[in-house]
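Visitor: I'm new to this one and would like a close look at a single part of it. Could you put it up for me?

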Amino acid sequence: MARDQKEERLQEPGAELGQVTLAGAPVGVALAGERRNVTLCLPGGYHWTPRQGEAVLVIKSGPEGAPCVVGAPEADPAAPGEVWLSVAQGVGVRLTADGRIQLQGPVEVTGTLKVNGQEVEG
């Protein structure tokens, strides 16, 4: 019986797209069945919590195939050489391949703001 369970586990894909059923951290994700308490595995310094209903990429690792959300399908592709951080249509930060920084949406600054080395008074 243990051998049958191990073989069945190996038949699951190592990575697949799922849909978030419970937002927050940890999240719930619908795959072949619903998985709860799924860990978010993100690059250092990056913070993101997927929304309910959002499609996410889930990888399974370790001997038990523990699921981990690692990202989401790209909805607004960046141009080659760009980095684009966005939370909603028309809101984000784009680092362009030609060296510009584009801010889209309302901008709020907390702390000191300097432009060309000169502090801007608020």
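Visitor: How much space lies in the largest pocket?

Guide: Two quick notes before the tour. This is a predicted model, where local features need pLDDT of at least 70, side-chain atom pairs count only at pLDDT 80 or more, and totals for chains, interfaces and linings use all residues. Residues are numbered from 1 along each chain as its sequence is written, and side-chain values use heavy atoms, with hydrogens and water left out.

Now, your pocket. Rolling a probe the size of a water molecule over the atoms shows where empty space is left. On a 1 Å grid over the protein atoms alone, a pocket is an open set of points where a 1.4 Å probe fits, with protein on both sides within 12 Å along at least five of seven lines. Grid points are joined across faces, edges and corners, and the volume is the space filled by probe spheres set on those points. Counted that way, the largest pocket holds about 890 Å³ of space.

Its lining (residues with an atom within 4 Å of a point) has 23 residues, and Tyr46, Trp48, Ala72, Trp84 and Ser86 are the closest to the centre. The largest share, 6 residues, comes from β6. By type, the lining splits into 14 nonpolar, 5 polar and 4 charged residues. For that tally, Ala, Val, Leu, Ile, Met, Phe, Trp, Tyr, Cys and Pro are nonpolar, Asp, Glu, Lys and Arg are charged, and the others, Gly among them, are polar.

Skipping its neighbours within four places in sequence, tryptophan 48 is in contact (heavy atoms within 4.5 Å) with Leu40, Leu42, Glu54, Val56, Val69, Gly71 and Ala72. Trp48 also belongs to the largest nonpolar core, a group of 10 residues that includes Leu40, Val56 and Val69. Such a core is a set of buried Ala, Val, Leu, Ile, Met, Phe, Trp, Tyr and Cys residues joined through side-chain atoms within 4.5 Å. Buried means under 20% relative accessible area, exposed over 50%, and partly exposed in between (1.4 Å probe, protein chains only). Three elements, β2 (27–30), β3 (34–40) and β4 (55–61), each give two or more residues to this core.

With a relative accessible area of 62%, asparagine 37 is exposed, and beyond its sequence neighbours within four places it is in contact with Pro26 and Val27.

Charged pairs come next. Side chains of opposite charge can pair when their charged atoms come close. A salt bridge here puts a side-chain nitrogen of Lys or Arg within 4 Å of a carboxyl oxygen of Asp or Glu, and the count comes to 4. In one of them, lysine 60 meets glutamate 16 at 2.4 Å, N to O. That pair links distant parts of the chain, with lysine 60 in strand β4 and glutamate 16 in strand β1 (residues 15–22), 44 residues apart. Lysine 60 counts as buried because its relative accessibility is 13%.

Another salt bridge joins glutamate 82 and arginine 94 at 2.8 Å, N to O. Glutamate 82 lies in the loop between β5 and β6 and arginine 94 in strand β7 (residues 91–95), so the pair ties together parts 12 residues apart in sequence. Both glutamate 82 and arginine 94 are buried.

Notes. Helices (H or I, at least four residues) and strands (E, at least two) are DSSP runs, numbered from the N terminus.
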